[in-house]
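Here is a short briefing on one protein model. Keep the sequence and the 3D view open as you read.

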Amino acid sequence: MSKDIRIRKGLNIKLVGAAEKTTSKAVLSNVYALNLTDFYGITPKMLVKQGAEVKAGEPLFYNKNIEAMKFVSPVSGELVEINRGARRRILSLKILADKSQTAIEHGAFDVSKASAAAIKDHLLKTGCWPFIKQRPYDIIADPDANPKSIFISGYTTAPLAAESDYVLEGKEKELQTAVSALGKLTHGKVHVSVGTKSNSPLAGLNGIELHKVSGPHPAGLIGTQINKIDPINKGELIWTVTPQDLVIIGELLLTGTFNAERIVALAGSSVKAPKYYKSKIGAEIATFLYGSGVKDIDFRVINGDVLTGAKSRPDGHLGYYNNTVTAIPEGDDYEFFGWTRPVFNKISTTRALTFSWLQPNKKYDLNTNTNGEHRAFVVTGQYEEVFPMDIFPMQLLKACMVKDLDEMEQLGLYEVAPEDFSLTEFICISKQPHQKIIREGLDLLYKEIG
């Protein structure tokens with residue numbers, strides 16, 4: 001039996017360039033990269049030296065604070081570059097892939113007979129633990145902690161993001177194995193959310209609490225679902241896993257092999273033929289970007305969706321947790337008196353002259369232009385219109401900016417992650433970097449309180 005959740009506050013940003021539901025195999029990448037900024041809060045300690053030959057699934061480094069937590073190579077080949085920054089901090093690793101693509105074999109793991117401790121140890125040593133994140137702080141989960149529940153969202157609402165229902169087709173066995181393993185790691189429930197009208201493989205799994213969600217973005221975000229189903233209080237932990245990461249975990253438990261395969265949605269109005277590609281974690285974006293062709297000379301590649309993704313380049317590499325790459329026109333032009341005249345090709349929740357409120361089903365071809373410059377916060381009440389959590393977003397943002405720990409706690413910072421403020425950042429007339437502000441607030445709270 002499912003429990004329905006209907007989200008009323010939010011905003012669906014309908015953009016041109018959604019990926020067609022056909023999947024092609026991407027050209028094999030010569031070089032694969034792991035960007036250490038994907039593993040937030042981790043201090044890496046290398047296990048192999050530059051120039052070493054590694055196999056797929058072989059540990060490259062571990063977490064200095066939790067030595068059992070290993071991070072593995074997505075492919076076999078030569079570790080050709082360890083890119084370091086200030087104070088010799090490791091920024092990224094690059095692996096030149098070989099033709100053999102040999103992998104470490106761990107052997108099949110019987111989840112039904114394994115204890116919670118054995119499952120944790122296996123996930124830690126095989127490199128699958130980094131797929132499990134925790135709230136609060138939106139960091140990789142502490143294996144010594146006891147979460148009160150685990151959340152998995154199979155409902156996609158972010159603009160142009162890869163649709164979970166499509167990318168999970170035929171993966172029922174892997175999903176069930178992973179969910180059965182995760183279920184042993186909590187005394188609470190494994191909450192799984194799907195769309196009300198979806199046909200998701202997640203809906204048929206055993207050992208879950210199923211929720212059917214409807215409503216505009218951010219209804220599909222984990223933070224919104226946690227807030228409505230099982231809110232976080234001080235001292236409590238919740239773990240989260242994305243559906244495609246579940247597939248990787250399940251396949252490793254079934255076969256004993258770490259398979260870093262991803263089905264990536266290449267989308268955006270700058271792409272001639274947007275569709276899905278079968279690739280791997282850390283692959284060069286160019287291996288599938290130019291396979292579909294690009295329309296514009298001046299365009300921006302976004303590693304992720306348009307609201308939460310990071311700016312990249314065509315020769316950049318697919319993020320560790322990403323299954324979407326978006327290409328949209330670069331917004332480096334300016335409109336004379338653009339704020340005074342009627343505009344029909346933009347979205348605004350406050351400005352009547354955009355007329356987007358009259359065209360709810362129209363798809364827009366937006367660029368990266370912010371249509372304004374950074375300025376002090378203007379109190380308009382517009383954030384609350386698109387923010388469905390029982391939290392005051394403006395007050396929380398200000399508390400983070402002034403580093404008021406007591407206010408940050410009382411206003412609900414434990415419940416949120418930067419992505420939960422992506423929509424308020426999109427509509428912000430003050431052009432404030434909401435996600436950055438929340439990330440810095442979480443960092444401070446973690447450092448001071450832990």
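Four strands make up an open sheet, in the order 3-9-8-5, and their pairing is antiparallel. Strand 3 (31-35) and strand 5 (53-54) stand at the edges. Each has a single partner strand, so one side of each is left without a neighbour in the sheet. The model is predicted.

**Inside the sheet**

- Strand 8 covers residues 77-84, and strand 9 covers residues 90-97.
- Seven bridges join strand 8 to strand 9, and the two run antiparallel.
- Leu79 stands opposite Ile95, which belongs to strand 9.
- In general, the strands of a sheet pair through backbone hydrogen bonds, either parallel or antiparallel.

**Arg439**

- Arg439 sits in helix 11, which spans residues 434-448.
- Is Arg439 buried or exposed?
- Arg439 has a relative accessible area of 12%, so it counts as buried, the cut-off being under 20%.
- Leaving out residues up to four places away in sequence, Arg439 touches Tyr40, Tyr137, Asp138, Ile139 and Pro418.

**The second largest pocket**

- Rolling a probe the size of a water molecule over the atoms shows where empty space is left.
- The second largest pocket has a volume of about 670 Å³.
- How many residues line the second largest pocket?
- The lining has 26 residues.
- Thr156, Thr157, Ala158, Leu160 and Glu163 are the ones that lie nearest the centre of this pocket.
- By class, the lining of the second largest pocket has 12 nonpolar, eight polar and six charged residues.

How values were computed. Residues are numbered from 1 along each chain as its sequence is written. This is a predicted model: local features need pLDDT of at least 70, side-chain atom pairs count only at pLDDT 80 or more; totals for chains, interfaces and linings use all residues. Side-chain values use heavy atoms; hydrogens and water are left out. Buried means under 20% relative accessible area, exposed over 50%, partly exposed in between (1.4 Å probe, protein chains only). Contact means heavy atoms within 4.5 Å. Two strands pair if DSSP finds at least two bridges between them. On a 1 Å grid over the protein atoms alone, a cavity is a set of points where a 1.4 Å probe fits but cannot get out, and a pocket is an open set with protein on both sides within 12 Å along at least five of seven lines; lining residues have an atom within 4 Å of a point. Grid points are joined across faces, edges and corners, and a volume is the space filled by probe spheres set on the points. Ala, Val, Leu, Ile, Met, Phe, Trp, Tyr, Cys and Pro count as nonpolar, Asp, Glu, Lys and Arg as charged, and the others, Gly among them, as polar.
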